[in-house]
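Me: Can you walk me through this protein model? Keep it quick, please.

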Amino acid sequence: MTGKERREQLLDVSRALFAEKGFEATSIEEIAHRASVSKPVVYEHFGGKEGIYAVVVDREMRRLMNQIAEALDGGSHPRELLERAACALLGYIEGSTDGFRILVRDSPVASSSGTFSSLLNDIASQVEHILGQHFARRGYDRKLAPLYAQALVGMVALTGQWWLEARRPKKDEVAAHLVNLAWNGLSAMDHKPKLRSRW
């Protein structure tokens, strides 16, 4: 096996173990054993568990971010963008279940730091830019775009975490329900919303 092939094999083995057990419960010994190599080979390629984990996480983050960016780049109408983003995230979960498990296992959506939270903030920034343009055209306060971007991305991400295990209904149906909630709520937005009741 060439050095590059060995590196890819170690990444594949590590990715499966991190998805199955999480970072803390995975050891260099297990990675080496599953790859049928000695521990020094793993250290030689990655310097340790943290190094191999960082590469695995970076690859997954790039894969998901690319899918979301590609989805947001293809549409023009706000509803179409919402549908594309929801389908892209759910498609990633469906096609890269192990990758999504790795991203959310050690940094849940509710966390203010960590890989998945950072990724969601990057996605929200893209959504914020798109929403800002649509808000300006429709006479809404553009400064509120970050708030709505976080709400939309959070809604889809939390639903994605739930769907990772539930897997019902099917992906397109989940996306349709997400869009239904978001779109029908957004389509009649007040310019200056107020709560109707006091607590």
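Reply: Here is a short tour of the core, the rings and the salt bridges. This is a predicted model, where local features need pLDDT of at least 70, side-chain atom pairs count only at pLDDT 80 or more, and totals for chains, interfaces and linings use all residues. Residues are numbered from 1 along each chain as its sequence is written, and side-chain values use heavy atoms, with hydrogens and water left out.

Me: Which residues have the most contacts inside the largest nonpolar core?

Reply: Ile31 and Phe116 do, in a core of 63 residues. A nonpolar core is a set of buried Ala, Val, Leu, Ile, Met, Phe, Trp, Tyr and Cys residues joined through side-chain atoms within 4.5 Å. Buried means under 20% relative accessible area, exposed means over 50%, and partly exposed is in between (1.4 Å probe, protein chains only).

Me: What does Ile31 touch?

Reply: Its partners include Leu10, Ser14, Phe18, Val42 and Ile52, leaving out residues up to four places away in sequence. Contact means heavy atoms within 4.5 Å.

Me: Where is Ser14, then?

Reply: Ser14 is in helix α1, residues 3–21. Helices here are DSSP runs (H or I, at least four residues), numbered from the N terminus. Ser14 counts as buried because its relative accessibility is 0%. Beyond its neighbours within four places in sequence, Ser14 contacts Ile31, Ile52 and Val56.

Me: Back to Ile31's helix. Which residues of α2 are buried?

Reply: Ile28, Ile31, Ala32 and Ala35 are buried in α2, which covers residues 28–35. Seen down the axis, the buried residues fall within an arc of 95°, so they line one face of the helix. That arc is taken from the directions from the helix axis to the C-beta atoms.

Me: What does that face pack against?

Reply: The buried residues of α2 pack against α1, α3 (39–46) and α4 (49–73).

Me: New topic. How many aromatic pairs are there?

Reply: A search of the whole structure finds seven. One of them is Tyr92 with Phe100, an edge-to-face pair at 6.2 Å centre to centre, with 75° between the planes. Rings of Phe, Tyr and Trp (its six-membered ring) pair if their centres lie within 6.5 Å; planes under 30 degrees apart are stacked, over 60 edge-to-face, the rest tilted.

Me: Are Tyr92 and Phe100 buried or exposed?

Reply: Tyr92 and Phe100 are both buried. Elsewhere, Phe18, Phe23 and Tyr53 form one aromatic cluster.

Me: What lies over the face of Phe23?

Reply: Lys49 does, at 4.3 Å from the ring centre. A charge sits over a ring if NZ of Lys or CZ of Arg is within 6 Å of the ring centre and within 35 degrees of the ring normal. The charged end of Arg167 sits over the ring of Trp163, 4.9 Å from its centre.

Me: And how many salt bridges does the structure hold?

Reply: There are 11. A salt bridge is a side-chain nitrogen of Lys or Arg within 4 Å of a carboxyl oxygen of Asp or Glu. One joins Arg59 to Glu8, with the closest N and O atoms 2.6 Å apart. This pair links distant parts of the chain: Arg59 is in α4, Glu8 is in α1, and they are 51 residues apart.

Me: What does Glu165 bridge to?

Reply: Glu165 pairs with Arg101, and their closest N and O atoms are 2.5 Å apart. Glu165 lies in α8 and Arg101 in α6 (residues 97–105), so the pair ties together parts 64 residues apart in sequence.

Definitions and conventions. Helix = DSSP H or I, 4+ residues; strand = E, 2+ residues; numbered from the N terminus.
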